[in-house]
Amino acid sequence: MSEQERLEEYVSIVPSVNQKAIQRQRFNVFFHYGLNTFSAKEWGDGKADPKIFNPTQQDTDQWVRTVKEAGAYGVILTCKHHDGFCLWQTKTTDYSVAQSPYKGGKGDVVKEVSDSCRKFGIKFGIYLSPWDRNHESYGIDRYNDVYCEQLEELLTGYGEIFCVWLDGACGSYMDGKPKQVYDWDRYFSTIRRLAPNACISNCGPDVRWVGNEGGFARESEWNVVPKFAFDIQSIESKSQQSDESDFAKKEVDVNSSDLGSRDFLKNFDNFIWYPAEVDVSIRPGWFYHKSQDKSVRSLKNLLKIYYTSVGGNSILLLNAPPDRRGLLHENDVKRLQELGNHIKESEAQLLNVKSILAPIAEEGKDIQGVIEYSFDDTTFDPTNYYTPKEEQSSYEIKIELEETVKINRLQLVENVAYSQRIEKFEIHAFVKDEYVKVFDGTTVGYGRIATFKAVKTDKVKVVLTSVRKKPHIEFVGVYSDNGVLIKDTLRQKFVKWLHHVNYITYIRRENKKSKKNNSQ
Ligand code: FUL
């Protein structure tokens, strides 16, 4: 394939309807809740007495109200974690809320959370751990039937589901059991049949695990990646294998610091649309532990995660674990509200534009449309975009603001119905008598929020210096200074350098392998 044919191939790969929806949703909250909440464990062994599950003030409205205040759009609940304890009235096992004192054994936490989601207009999703340390059938083929029955109960009894989150973590050796041979294809077809609007995430074909649980996204996140990126064996092998708290600190998988640049893709032939999700907890643990009440992430830290994920072409899944009362702890609530206020206030700082100039547009796809467009709702509109009439080697968009003001952010969104096309861009601000470069960027995709050192100006220029094909831009917005500047620490710079070295080694190895295969 020539370079040109390759580029055509990459831009022909576009998201499914479900992927478009979850990408536009941008930010969701994880609730880890269950027996571990009461046993102070991260990985329950499946032997804890269900009687310890006894929240006395459970209020799922409080959880979901807080999610809304945090500025998130969806919730994912651990309906069953690795210990096998089910938060709903299931027919597949006795190890559930039915055996607990909660509501005299008649409670159904899944129902309560899904009802609260509907009440507050928040989407509802489920986490159902494939690894089950309690079920007698785990390890033998019958477990696949049990797992599908559990999926069926959850996908038919609780209304619309936006996401099914399949975890690759497994430590079955700890129980002296063989690893279950999971029938992933059957799980996927069960989900597609019963919840056609749901994305299958993590060990699934729709949303890609970013590769760590520490809140790190790559600087350049690509949506079109080689098909191998969706390889369950490798997702599983890189997932947590033991209950070590250090897991969260691990950085992006070294072999995959680049999953989609032109340079990287040229080594492969099959590609898929596979957007990244950053899953990370607001506390050191995924479950609530009283000892961590003072270790809730700072707002500064959350903002770094928010701007590098939501602002860096990734979905954010932020975990906030309810406590033993059945409430989100005051410290977590406060932090989530601060985050929500920050997002709201920062979005309201969008500046009015006096004029905008760009290369001549295709008919009906004028640049004016993309500054008038409101990006704050979550409905994806495939018809809204600006695109130039002609293919060019670079494109310049000049924005004149209504007033001279200090700015520190520019948001750029591609209409992903036309794939991800922008590979490199620059932002320049007019200061004194000339344009000065304030930002150098790579990927845009379904959302890039570029933050830079605040600069006083009334004119900004975005230059797209490398594209796969002419861009389809859905939104461009300039914002006044909110004091946020996301930049790398020395350690992160070092890790990036390390990734680069590993990446080169990886490519060399792949090339060697394919040369060897070709000569055989
Ligand atoms: C991991 C699990 O082992 C953790 O307990 C948590 O559920 C996290 C989201 O996924 O792999």
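Predicted model: local features only at pLDDT ≥ 70, side-chain atom pairs only at ≥ 80, totals over all residues.
## Ligand surroundings

The shell around the ligand is made up of Phe 30, His 32, Trp 43, His 81, His 82, Tyr 127, Asp 167, Ala 169, Glu 213, Gln 240, Asp 279 and Trp 286. Sorted by class, this shell holds five nonpolar, four polar and three charged residues.

## Polar contacts and burial

Among the shell residues, His 32 places a polar side-chain atom 2.7 Å from an oxygen atom of the ligand, and Trp 43 has a polar side-chain atom 3.0 Å from a ligand oxygen atom. For Asp 167, an N or O atom of the side chain is 3.0 Å from an oxygen atom of the ligand. The ligand taken alone exposes 290 Å², of which the protein buries 99%.

## Packing of H4 and H11

Helix H4, covering residues 60-69, packs with helix H11, covering residues 330-347, at an angle of about 30°, and their axes are 7 Å apart. Because angles under 35 degrees count as roughly parallel, H4 is described as roughly parallel to H11.

On the H4 side, the contact is formed by Gln 62, Thr 66 and Glu 69, which meet Val 333, Leu 336, Gln 337, Gly 340 and Asn 341 of H11. The residues of this contact divide into two nonpolar, five polar and one charged.

Technical notes: Residues numbered from 1 in each chain as written. Heavy atoms only, no water. Axes fitted to C-alpha atoms, helices over the stretch in contact; angles between N-to-C directions. Helix = DSSP H or I, 4+ residues; strand = E, 2+ residues; numbered from the N terminus. Parallel < 35°, antiparallel > 145°, perpendicular 65-115°, else oblique. Contact = heavy atoms within 4.5 Å. Nonpolar A, V, L, I, M, F, W, Y, C, P; charged D, E, K, R; others polar. Near = heavy atom within 4 Å. Polar contact = N/O pair within 3.5 Å; in protein donor to acceptor, adjacent residues only side chain to side chain. Areas by Shrake-Rupley, 256 points an atom, 1.4 Å probe, with all protein chains shown as cover.
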